[in-house]
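These are my notebook entries on a structure that I looked up.

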Amino acid sequence: MSDNRGRSAELSDLIDVEPLRPGVRGDRAGQLHRLCDVLVEVLPASAAGLTVSLGDYLAVVLAASGPRAEEIEELQLTLGEGPCIDVERLSRPVLEPDLAGSGAPRWPAYGPAAGGLGVAAVFAFPMHVGATHLGVLDVYQPCAGELSHRALLDCLLFADIARTFVLEDLDRDNVDGLSIQWTDVLPIPEFYQAQGMLMIQLGAEPVDALARIRAYAFAHDERIGDVARDIVTGRLKLGRDES
């Protein structure tokens, strides 16, 4: 236990002293981007990303180790399948050391898409507060293979550090206020606004409205956040039969 505390302090110190990469803001979001950057430096990983949960298996990317990592993270949100979706559903880590092999039947759409972006293995770790699911830390490898015991422990520590960072900006008496507390960092209102607009326009249920946004993003090879933004600003109007 003391070894883990010492290692956690060591990793936290690395995050605190790591300089911001160009284009990363110097606030809490920047700190979480640094966490992903440090993880990639410390572990045998090619990319890392953090998503936070908005409920009903909807999440948004909070931080990533770079543009490619953010693109890999958003694949899950667009396709509606992948490790971060399974982590929320199962409430436990999801470890897939062979995305093209054992991962193929598990995620028939996400697996090939992530493989096309250079991912061969993915490991996802939950951020929980009691029974409340806050989000997921995803770790990506360019080659198939299991994490070592030391790397697995480090991933769990990184997930716990990320959870601590997120909680520092939340109302401890209202953890479900995540979607409100992070509105200055995340495009959360656009997701909800787009979903609400489609519900009214198409007479759709919330899950169906979200499915329409995902389907359009997938069919047109766009990011789900960009599609939501276009719906809200009026640049995109989805008819009943359009996808």
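**Entry 1: the packing of two helices.** I began with a definition: a helix axis is a line fitted to C-alpha atoms over the stretch in contact, and angles run from 0 to 180 degrees between N-to-C directions. The model I examined is predicted. I then looked up helix H10, residues 206–219, and helix H11, residues 224–233. Their axes lie 9 Å apart, and the packing angle is about 115 degrees. Because angles of 65 to 115 degrees count as roughly perpendicular, I recorded H10 and H11 as roughly perpendicular to each other. I noted a right-handed crossing where H10 passes H11. On the H10 side, Leu210, Ile213, Arg214, Tyr216 and Ala217 make the contact, and on the H11 side Ile224, Val227 and Ile231 do.

**Entry 2: more on H11.** Which residues of H11 are buried? I found Ile224, Gly225, Val227, Ala228, Asp230 and Ile231. Just after H11 comes Gly234, for which I noted a positive phi of about 90 degrees.

**Entry 3: the nonpolar cores.** I recalled that nonpolar side chains tend to be buried together in soluble globular proteins. How many residues does the largest nonpolar core have? I recorded 37, and the residues with the most contacts inside this core are Leu99, Tyr110, Tyr140, Leu198, Ile213, Val227 and Ile231. Another core, of 33 residues, lies apart from it, and includes Met127, Phe158, Val166 and Leu167. I returned to Ile213 and left out residues up to four places away in sequence; Ile213 then touches Ala194, Gln195, Leu198, Ile224, Val227 and Ile231.

**Entry 4: Thr78.** I located Thr78 in helix H3, residues 67–79. Is Thr78 buried or exposed? Its relative accessibility is 9%, so Thr78 counts as buried, the cut-off for buried being under 20%. Leaving out residues up to four places away in sequence, I listed the contacts of Thr78 as Arg214, Ala217, Phe218, Glu222 and Ile224.

**Entry 5: Gly66.** I found Gly66 in the loop between strand E2, residues 58–64, and H3. Gly66 is buried, because its relative accessible area is 13%. I also compared positions: Gly66 and Gly49 stand 17 residues apart in sequence, and their C-alpha atoms are 8.6 Å apart in space.

**Entry 6: cysteines.** How many disulfides does the structure hold? I recorded 0. I looked up Cys84, which counts as buried at 3% relative accessibility. Cys155 is also buried, with a relative accessible area of 0%.

Technical notes
Residues numbered from 1 in each chain as written. Predicted model: local features only at pLDDT ≥ 70, side-chain atom pairs only at ≥ 80, totals over all residues. Heavy atoms only, no water. Disulfide = S-S within 2.5 Å. Buried < 20%, exposed > 50% of the residue type's maximum accessible area, 1.4 Å probe, protein only. Helix = DSSP H or I, 4+ residues; strand = E, 2+ residues; numbered from the N terminus. Contact = heavy atoms within 4.5 Å. Core = buried A, V, L, I, M, F, W, Y, C linked by side-chain atoms within 4.5 Å. Parallel < 35°, antiparallel > 145°, perpendicular 65-115°, else oblique. Left-handed = near helix turned anticlockwise from the far one by under 90°.
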